[in-house]
Amino acid sequence: SLEIGSLTTRGPVLVYFYSRYNSNVTISNSMDISDLSYLNFRSGSTRSNTGFAFLPKQINMGITYVSRGWKLRLLSKSTQWTVSNSLIFYSGSNLIAGNPVSLLIRRSLVLPSGSSLAMKGGRLTVAGNMALSGNLTLE
């Protein structure tokens, strides 16, 4: 397990969270990944459920990839999440927002077959393209 209070980058950076087997990443306070940076939740295993990322109330990120086996969960109510570029899921990855979240994606949302995005309350805004073959649940 990895616990981080705040994660902030400036300039073009590549941030990898790599999981080979079951592991947790918790970011408790804030997450501010610059527009020029890439954030990648990557899995080294073909097993499902290999990684859990618990994300904070305030999230800003550039282009973001979520590999198979990763499940993203939001920690707080009323989460403000801005993706300045694209949010790209791979088959077998999931985002679960049990609390209201305001998710703004400025470029594109890619949700292939076998992946899912579930939001209970809140708002989803995609300013660019949406490619949806997976499960999108908005309550």
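Ser 108 stands opposite Asn 129 in strand E16. The strands E13 and E16 run parallel and are joined by four bridges. Strands here are DSSP runs of at least two residues, helices (H or I) are runs of at least four, and both are numbered from the N terminus. Two strands pair if DSSP finds at least two bridges between them.

This is a predicted model, in which local features need pLDDT of at least 70 and side-chain atom pairs count only at pLDDT 80 or more, while totals for chains, interfaces and linings use all residues. Residues are numbered from 1 along each chain as its sequence is written, and side-chain values use heavy atoms, with hydrogens and water left out.

## Strands and sheet

E13 and E16 belong to an open sheet of six strands. The order is E2-E4-E7-E10-E13-E16, and the pairing is parallel. Which strands stand at the edges? They are E2 and E16 (129–132). Each has a single partner strand, so one side of each is left without a neighbour in the sheet. From one strand to the next, the twist averages 5°. For such angles, axes are lines fitted to C-alpha atoms (for helices, over the stretch in contact), and the angle runs from 0 to 180 degrees between N-to-C directions.

Strands E8, E11 and E14 also pair. E8 (residues 70–74) and E11 (residues 94–97) are parallel, with three bridges. E11 and E14 (residues 116–119) run parallel too, joined by four bridges. Leu 95 of E11 faces Leu 72. In E14, the bridge partner of Leu 95 is Leu 117.

Leu 132 lies in strand E16. Is this residue buried or partly exposed? Leu 132 has a relative accessible area of 38%, so it is partly exposed. Buried means under 20% relative accessible area, exposed means over 50%, and partly exposed is in between (1.4 Å probe, protein chains only). Leaving aside neighbours within four places in sequence, Leu 132 is in contact with Leu 109 and Leu 111. Contact means heavy atoms within 4.5 Å. Ser 113 is 19 residues from Leu 132 in sequence, and their C-alpha atoms are 7.8 Å apart.

## Aromatic pairs and the core

How many aromatic pairs does a search of the whole structure find? There are five. Rings of Phe, Tyr and Trp (its six-membered ring) pair if their centres lie within 6.5 Å; planes under 30 degrees apart count as stacked, over 60 as edge-to-face and the rest as tilted. Two of the pairs are set out here.

| Pair | Centre to centre | Angle of planes | Class |
|---|---|---|---|
| Phe 17 and Phe 41 | 5.4 Å | 20° | stacked |
| Tyr 38 and Tyr 65 | 6.4 Å | 5° | stacked |

Both pairs link distant parts of the chain. Phe 17 is in E2 (residues 14–19) and Phe 41 in E4 (residues 38–43), 24 residues apart. Tyr 38 is in E4 and Tyr 65 in E7 (residues 63–66), 27 residues apart.

Phe 17 counts as buried, at 6% relative accessibility. Phe 41 is buried as well, at 1%. Tyr 38 counts as partly exposed, at 39%. Ring pairs also link Phe 17, Phe 41 and Trp 70 into a cluster.

The largest nonpolar core has 32 residues. Such a core is a set of buried Ala, Val, Leu, Ile, Met, Phe, Trp, Tyr and Cys residues joined through side-chain atoms within 4.5 Å. Those with the most contacts inside it are Phe 17, Met 31, Phe 41, Leu 55 and Trp 81. Beyond its neighbours within four places in sequence, Met 31 touches residues including Leu 7, Leu 39, Leu 55 and Ile 59.

## Two buried serines

Ser 37 sits in the loop between E3 (23–32) and E4. Its relative accessible area is 0%, so Ser 37 is buried. The side chains of Ser 37 and Ser 34 make a polar contact at 2.8 Å. A polar contact is a pair of N or O atoms within 3.5 Å; within protein, one must be able to donate a hydrogen and the other to accept it, and residues adjacent in sequence count only if both atoms are side-chain atoms.

Ser 115 lies in the loop between E13 (108–111) and E14. Ser 115 is buried, with a relative accessible area of 1%. Its side chain reaches the backbone oxygen of Pro 112 at 2.5 Å. Leaving aside neighbours within four places in sequence, Ser 115 has contacts with residues including Phe 89, Tyr 90, Gly 134 and Asn 135.
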